[in-house]
Amino acid sequence: MWKKTQKITVPEPSNPSWRLSFPHVVVATLSSFLFGYHLGVVNEPLESISKDLGFKGNTLAEGLVVSTCLGGALVGSLFSGWVADGVGRRRAFQLCALPMIIGAVMSASTKTLAGMLLGRLFVGTGMGLGPPVASLYVTEVSPAFVRGTYGSLIQIATCLGLMGALFVGIPVKEIVGWWRVCFWVSTIPAAILALAMVFCAESPHWLHKQGRTYEAEAEFERLLGGSHVKTAMAELAKSDRGDDTDTVRLSELLYGRHFRVVFIGSTLFALQQLSGINAVFYFSSTVFKSAGVPSGLANAFIGIANLSGSIVAMVLMDKVGRKLLLLWSFFGMAISMSLQVVASFYSSGSGSLYLSVGGMLMFVLTFALGAGPVPGLLLPEIFPSRIRAKAMAVCMSVHWVINFFVGLLFLQMLEQFGPRLLYSIFGTFCMLAVVFVKRNVVETKGKSLQEIEIALLPQE
């Protein structure tokens, strides 16, 4: 009896070893590390930069140093899909490292505000190009059973980048001109990314789309091991129903048969930004200051909350699935925002301080659990391979536009409405997100990209 059952269970396909694809994914996440680093690099040194370049006290110029980067990122992300489809994912990474190196050198060696802004613009284009390509690449080279875990590495790398920038910026108050070092340092990971990509595997999905089937097989062998190549290639052939030959037009994404998935994707990114997360990042130090916590410590707290949330998300992503994480994450963020609103009613006393600081840390933690890492992972999963790169570009562009305006208008809105109303608005968006996710998002954990594609295809 026992032998019989054993015989039946033998052909069960085992999962490919995760060790094979892991190094390729780590190199790809360097682009996310750089992304985080450049997001945080001007936070601490902004004062000394404005002093050295002669625009101290000019809030518009200071705002521009922060947000020019976001403008560049919009440009980069708009073109990311066409770049990734045109030259391949590997070259796209190298193209993303290039402006990051050039821009960092310009910012590090400039004597004027204009030079600084030009450098930030260059760095921004690299920042816009990196994340969508990283999401694509990680989704396409990972075995299905660890795809969620690998996708979370992107978020963790971004956290580490942010923390790295704050760490490198510590001596900025003591050492004159240290902010230049902060920019110089960032050229190192960018150069490593550009060089290491030479040795990484190209995405088999992209090669197959180009009709380079033999190369796709060779890359699958590097990524999954020889015994899994046949299944992987068969899966690819299944989804490739001959509609890959024609190019994807924008009109198709905005109001064609793919409109629904693109709409879901863009809305997820929009809600992620409208939840107020970046406002919380920009503004956390002031909240902590009012509670008497020094800014260095505050940044460390925020960083630790962000990192621990991301690590928990990495563990859970392939266990409980993306949808549950998103739901609980947005719900937790709504609760945290309501804590802040409650705190604003008690104007004095330690209770309100504990509430507002606790609410802020809880907000960052719950964000990192789902709302942070999931959209970037879920979207390349739900987009059919034919439109994947271009659809990611559209969704990331929505993300950057909203990010830019939140960063621009946040302080003015705070002055006009006061924190209570502003936090209530953010909390409302978080609750809207819960409803939206519940109704529109499908679970993708453990399914192959082809299975997801077939499940989501619009009925012809």
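Colleague: Let's pick a spot to start: which helix does Ser135 lie in?

Modeller: Helices are DSSP runs of H or I with at least four residues, strands are E runs of at least two, and both are numbered from the N terminus. Going by that, Ser135 lies in helix 6.

Colleague: Before we go on, what pLDDT do local features need in this model?

Modeller: Residues are numbered from 1 along each chain as its sequence is written, and side-chain values use heavy atoms, with hydrogens and water left out. The model is a predicted one, in which totals for chains, interfaces and linings use all residues, side-chain atom pairs count only at pLDDT 80 or more, and local features need pLDDT of at least 70.

Colleague: Is Ser135 buried or exposed?

Modeller: With a 1.4 Å probe and protein chains only, under 20% relative accessible area is buried, over 50% is exposed, and in between is partly exposed. Ser135 has a relative accessible area of 7%, so it is buried.

Colleague: Glu140 is charged. Where does it lie, and which residues does it touch?

Modeller: Glu140 lies in helix 6, which covers residues 113–141. At 2% relative accessibility, Glu140 counts as buried. Not counting residues up to four places away in sequence, it touches Arg89, Ser203, Pro204, His205, Arg388 and Leu449.

Colleague: How do helix 2 and helix 11 cross?

Modeller: Helix 2 is residues 18–40 and helix 11 is residues 213–224; their axes come within 6 Å and cross at roughly 105 degrees. Axes are lines fitted to C-alpha atoms, for helices over the stretch in contact, and angles run from 0 to 180 degrees between N-to-C directions. Under 35 degrees is roughly parallel, over 145 roughly antiparallel, 65 to 115 roughly perpendicular, and the rest oblique. That makes helix 2, relative to helix 11, roughly perpendicular.

Colleague: Which residues meet there, and what classes are they?

Modeller: Leu20, Ser21 and His24 of helix 2 meet Arg222, Leu223 and Leu224 of helix 11. Ala, Val, Leu, Ile, Met, Phe, Trp, Tyr, Cys and Pro count as nonpolar, Asp, Glu, Lys and Arg as charged, and the others, Gly among them, as polar. By class, this contact has three nonpolar, two polar and one charged residues.

Colleague: Which members of the largest nonpolar core touch the most others?

Modeller: A nonpolar core is a set of buried Ala, Val, Leu, Ile, Met, Phe, Trp, Tyr and Cys residues joined through side-chain atoms within 4.5 Å. In the largest one, which has 103 residues, the members touching the most others are Ile382 and Phe383.

Colleague: How many residues does the second core have?

Modeller: This core is separate, and its members include Val42, Phe55, Val65 and Phe183. Its count is 18 residues.

Colleague: How many disulfides are there?

Modeller: A disulfide needs a pair of cysteine sulfur atoms within 2.5 Å. For Cys159, the nearest cysteine sulfur is that of Cys69, 17 Å away. For Cys430, the nearest is that of Cys159, 18 Å away. By this rule, the count is zero.

Colleague: What relative accessible area does Cys430 have?

Modeller: Cys159 is buried at 2%. Cys430 is buried too, and its relative accessible area is 0%.

Colleague: Is Val185 buried or partly exposed?

Modeller: Val185 is found in helix 8, residues 178–185, and contacts Tyr37 and Val168 once neighbours within four places in sequence are left aside. At 28% relative accessibility, Val185 counts as partly exposed.

Colleague: Last one: which residues does Gly169 contact?

Modeller: Gly169 is in the loop between helix 7 (147–168) and helix 8, and it is buried at 0%. Beyond neighbours within four places in sequence, its contacts are Glu44, Trp178 and Cys182.

Terms used. Contact = heavy atoms within 4.5 Å.
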